[in-house]
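Please read them with the coordinates open.

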Amino acid sequence: MKKIFALLLTLCSLLAFGCGSNTPTADKGAAPKLTALNLTYVKSPLNIPSIIEKRRNVFENAFKADGITVKYSDLNAGPKQTQAMAAGQIDICHALGGTSAILAAANGVDLKIVGIYSRAPKAFNIITRNPNVRSVKDLKGKTVAGPKGTILHQLLIAALKREGLTINDVKFVSMGIPETAAALAGGSADAGLLAGPAALKMTNDGARILTTGQGLLDATIVIAMRNDFIKNYPEQARKFMDAHRKVISDYKKDPKGFYGDASEETGLTIQQVDLMAKWYNFEPSISDSDIKDLEATQNFLIQTGMLEESKKVDIRKIITTENQFGKKN
C-alpha cells in the first residue's frame with residue numbers, strides 16, 4: 001500500500017508540473033508567432049520606394065532572420081485594401097489614399113496611420129482635349145470624368161471652388177482612370193481627372209493640363225497598419241518602418257540609381273521617370289501640415305456626402321508613430 005501511495009503522489013506531481021517538461025505553459029493571452037507579413041503593393045502613379053522594396057527584396061531580407069515570409073497583394077483600390085485589412089488579410093496598407101484611410105476608420109476599421117507614403121500634388125491633374133475649354137472656369141456645364149471619392153475628385157472640387165463654382169456646376173461622371181482616359185480620347189468627356197503615367201501619356205498625345213493639385217491640396221498618401229498588428233507585433237511593425245526609411249534615405253542620396261527599376265516596372269522611359277520623380281515627396285514622418293491636409297480631406301468627404309458628420313474621426317487619434325509602437329493607445 002505504501003508503494004502504491006508513493007506512486008500516486010509521484011503521478012500527481014508530474015501532472016501538476018507538466019510531467020517534468022522544461023517547456024513553460026503557453027500564455028493563452030499571447031499572440032501567435034508571426035510567420036507571414038501581408039502587405040499591399042501599389043506601384044502607380046510612380047511609387048518608387050515600393051518598386052525598390054519589391055524588386056530588391058528589401059522586406060524579405062529584413063525579416064528573413066525572424067523566419068517571417070513577406071506576401072504581397074496587388075490590391076490597388078483603397079476601399080478593397082481597407083476591406084482586406086478589416087478581414088485580417090492585410091497587415092499593412094503600403095500606399096493608401098488619405099480618403100480611403102479616413103473612410104475606413106470612420107466606418108469602424110481599426111487601423112492606424114503610421115507614416116506618410118507620399119505627397120505629390122503635381123502628379124494629379126485635370127486634363128482636357130476640348131479646344132473650347134481653356135480654364136477650369138470653362139468647365140461649367142461640361143462633362144468631367146474621373147474616380148469618385150479620391151484625391152482626383154477632391155482636386156476637382158477644390159479647383160472649381162477657386163473659380164467660384166461647385167461640383168453641381170459640372171456633369172461629373174464617376175469612372176476609373178483607364179476609362180477616364182478613354183472617354184477623354186473619344187470625346188465623350190470634356191475633361192478628365194488623371195494621374196501619373198496616364199496623365200503624361202494623354203498630354204504627350206496633345207491634351208492640355210487645366211490645373212494640377214499644386215496650391216490646392218497636398219495629395220497625401222499614407223502608410224496604414226492594422227491596430228491589432230501593431231499591438232501584437234510592435235517590433236515587427238518598427239522593423240518594417242525602419243526598412244522603409246532606409247530605402248527612402250538611399251533613394252534621396254542617389255535617385256537616378258533607382259530609375260531603371262521604376263522604368264522596367266512601369267513601362268515609362270528613364271526620361272519620363274526623371275520628369276515625374278521630381279513631383280514626389282516620400283518623407284515618411286508625419287508633420288502638422290500633413291495632419292491639416294488629412295483634416296481637409298475629411299471635410300471634403302463630409303461636404304460631398306461620402307461621410308456622415310456623425311462619423312467624423314479625430315485625425316490625431318488614428319495616428320500612431322514608431323515611438324508609440326507597443327504602448328497602450
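1. Start just after α2, where Asn57 takes a positive phi of about 55°. Element names follow DSSP runs, numbered from the N terminus: helices are H or I with at least four residues, strands are E with at least two. The model is predicted, so local features need pLDDT of at least 70 and side-chain atom pairs count only at pLDDT 80 or more, while totals for chains, interfaces and linings use all residues. Residues are numbered from 1 along each chain as its sequence is written, and side-chain values use heavy atoms, with hydrogens and water left out.

2. Helix α2 itself is largely enclosed by the rest of the structure, because 6 of its 8 residues are buried. Buried means under 20% relative accessible area, exposed means over 50%, and partly exposed is in between (1.4 Å probe, protein chains only). The buried residues of α2 are Ile48, Pro49, Ser50, Ile51, Ile52 and Glu53. Arg55 counts as partly exposed, at 34% relative accessibility.

3. How many salt bridges does a search of the whole structure find? The search finds 15. The criterion is a side-chain nitrogen of Lys or Arg within 4 Å of a carboxyl oxygen of Asp or Glu. One of these pairs is Arg55 with Glu265, at 3.2 Å from N to O. Arg55 lies in α2 (residues 48–55) and Glu265 in α11 (residues 259–266), so this pair ties together parts that are 210 residues apart in sequence. Arg55 and Glu265 also belong to a network of salt bridges with Arg56, Asp261 and Glu264.

4. Next, Asp91 and Arg226. Their closest N and O atoms are 2.7 Å apart, in a salt bridge. Asp91 sits in the loop between α4 and β3 (92–97), and Arg226 in β10 (residues 220–226), so the pair ties together parts 135 residues apart in sequence. Asp91 is buried, with a relative accessible area of 6%. Arg226 also counts as buried, at 13% relative accessibility.

5. Now Asp290 and Arg119. Their side chains form a salt bridge at 2.7 Å, N to O. The pair links distant parts of the chain: Asp290 is in α13 (residues 288–303), Arg119 is in β4 (residues 111–119), and they are 171 residues apart. Are these two residues buried or exposed? Both Asp290 and Arg119 are buried.

6. Strand β4 is mostly covered, with 9 of its 9 residues buried. β4 runs antiparallel to β10, and 7 bridges join the two. Two strands pair if DSSP finds at least two bridges between them. Lys112 stands opposite Met225 in β10.

7. Also in β10 is Thr220. Thr220 is buried, with a relative accessible area of 3%. Which residues does Thr220 touch, leaving out those up to four places away in sequence? They are Gly97, Gly98, Ile116, Ser118, Ile151, Asp293 and Leu294. Contact here means heavy atoms within 4.5 Å. The side chains of Thr220 and Asp293 also make a polar contact at 2.6 Å. A polar contact is a pair of N or O atoms within 3.5 Å; within protein, one must be able to donate a hydrogen and the other to accept it, and residues adjacent in sequence count only if both atoms are side-chain atoms.

8. On to the open sheet. Its 5 strands follow the order β7-β6-β8-β5-β9, with mixed pairing. β7 (171–174) and β9 (208–212) stand at the edges with a single partner strand each, so one side of each is left without a neighbour in the sheet. The twist averages 30° from one strand to the next. β6 (residues 143–146) and β7 pair in the parallel sense over 4 bridges. Ala145 has Val173 of β7 as its bridge partner.

9. α7 (residues 177–186) lies across β5 (124–128), β6 and β8 (191–195), and runs at about 140° to β8. α8 (residues 196–204) packs on the sheet and touches β5, β8 and β9; its direction makes about 130° with that of β8. Axes are lines fitted to C-alpha atoms, for helices over the stretch in contact, and angles run from 0 to 180 degrees between N-to-C directions.

10. Last, Lys80, in α4 (residues 78–86). Lys80 is exposed, with a relative accessible area of 52%. Lys80 and Ser100 are 20 residues apart in sequence, and their C-alpha atoms are 9.3 Å apart in space.
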